[in-house]
Amino acid sequence: MKWTTEINQLLGIAYPLIQAPMFGVSTPEMAAAAAQAGALGSLALGDLPAAQCRELIRKTRALSDQAFSVNIFVHHIPECTDELKARYTQTKIFIEELARQHKLELDLPPVDTLVVTGYREQVDLLLEEQCKIVSFTFGNLDAASILKFKEQGTLLIGTCTSVAEALILEASGIDLICVQGWEAGGHRGSFEADNIPEIGGLSLLAQVYDQVKVPLIYAGGIYDAKTACAASSLGAQALQVGSLLLGAQESNLQAFEKAHLSKAREADIILTKSFSGRYARGLRNLFTEALAQSGLTLPYPYQNKLTAALRQAAKENEQTDFVSIWAGQSLAAYREGTTTAILNALINDIENYSWNP
Ligand SMILES: Cc1cc2nc3c(=O)[nH]c(=O)nc-3n(C[C@H](O)[C@H](O)[C@H](O)COP(=O)(O)O)c2cc1C
């Protein structure tokens, strides 16, 4: 049976399947390969400066003439108070010392040298580049940006991790909502409450479906026909897969990171604020443990900026103790091969699946 929903036409894709935006891991090549499988590719732009965003958008367009979505971080930037500055310096000293003890010599940036930017410049660039599908996480776009995108006919996809967030996105005119289950790898997209909602993916999706009218995408723990069938039964019109593609040929993870990930066990997958200051799901390591014990974590994006050089040095030295490897709870999702082949296999599995409890 051909797997289709109303979303196929809306997004211009053959199958209601989306390659998750994964900042630092997904690539223009991955987005193009996803399109080859008939899915929607996503280009993760995170909080990159506009010039780099333009380059990546143009590179993706050069690789594929199919539609793809661009994804940005719509985050609130906390004021850099004297208290925050003092805490930053304390955390910097702690991390530098910890790294030194494990043979990583590095000087992290002093707080006054940080360049912390919002997403407005990215919005202008996406408008200028006439991006057709824009998705975002960590918050909601401001009303003026939403209006500008609407005037240009851009399709907007917001991310929610609670019913309350879904209602906010719907009320502000967002076209589609990506319901991010608790299982999902990477950062939680939460933005509404100080403490992140801990509701499980099944409960969340079913309740969001009951309360909003816009079409829903579900992300979190999808890796085969039975997980896809469960999310579709609960109201998802499209499915977004991230962790399933971490080991793909087009993934930006290095060979040592893929090898480490392929050996991970259930207990290794945790939720941690240690690398970025926002909760993210990924592999436990020496750094996540040490930071949790120290209690030293700054709000996003300060912690993220502080640890950037550490993460980079750890990658160069193939030091799994200090790299951030984001991954979801469905460990069975780890696959190798091309993105196209992995997605083709999933589509084939879904189309040939018959639910027979
Ligand atoms: C390595 C990694 C990076 C991610 N980066 C982003 C991102 O830049 N933007 C975003 O909206 N979601 C991001 N996510 C979340 C995914 O879009 C998606 O919600 C998640 O991967 C789905 O769950 P799964 O990993 O179980 O498939 C990331 C996930 C991973 C694993």
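By class, eleven nonpolar, seven polar and four charged residues make up the lining of the second largest pocket. The model is a predicted one. The second largest pocket holds about 610 Å³ of space. Its lining counts 22 residues. Nearest the centre of this pocket lie S190, A193, D194, G277 and R278.

Where does the second largest pocket lie relative to domain 1 and domain 2? Domain 1 takes in 1–77 + 117–252 + 332–357. Domain 2 takes in 78–115 + 254–324. Both domains give residues to the lining, so the second largest pocket lies between them.

**The ligand**

The ligand is surrounded by 22 residues. The closest are P21, N71, G221, G242 and S243. By class, the shell around the ligand has twelve nonpolar and ten polar residues, and no charged ones. Two strands, β3 (68–73) and β9 (238–241), each supply at least two residues of this shell.

How much of the ligand does the protein bury? Taken alone, the ligand exposes 590 Å². The protein buries 96% of that area. N71 and G242 also belong to the closest residues of the ligand.

**Backbone features**

Most peptide bonds are trans, and most residues other than glycine have a negative phi. Two places in this model call for a look.

Which residues does a cis peptide bond join? The bond lies between Y300 and P301, with omega about 5°. P301 sits in the loop between α11 (286–294) and α12 (302–316).

K103 is not a glycine, yet its phi is positive, at about 65°. This residue, K103, is found in the loop between α4 (82–101) and α5 (120–128).

How values were computed: Residues are numbered from 1 along each chain as its sequence is written. This is a predicted model: local features need pLDDT of at least 70, side-chain atom pairs count only at pLDDT 80 or more; totals for chains, interfaces and linings use all residues. Side-chain values use heavy atoms; hydrogens and water are left out. On a 1 Å grid over the protein atoms alone, a cavity is a set of points where a 1.4 Å probe fits but cannot get out, and a pocket is an open set with protein on both sides within 12 Å along at least five of seven lines; lining residues have an atom within 4 Å of a point. Grid points are joined across faces, edges and corners, and a volume is the space filled by probe spheres set on the points. Ala, Val, Leu, Ile, Met, Phe, Trp, Tyr, Cys and Pro count as nonpolar, Asp, Glu, Lys and Arg as charged, and the others, Gly among them, as polar. Domain bounds come from an automatic or database domain assignment. A residue is near a molecule or strand if one of its heavy atoms lies within 4 Å of it. Accessible areas come from the Shrake-Rupley method with a 1.4 Å probe; for residues, only the protein chains shown count as cover. Helices (H or I, at least four residues) and strands (E, at least two) are DSSP runs, numbered from the N terminus.
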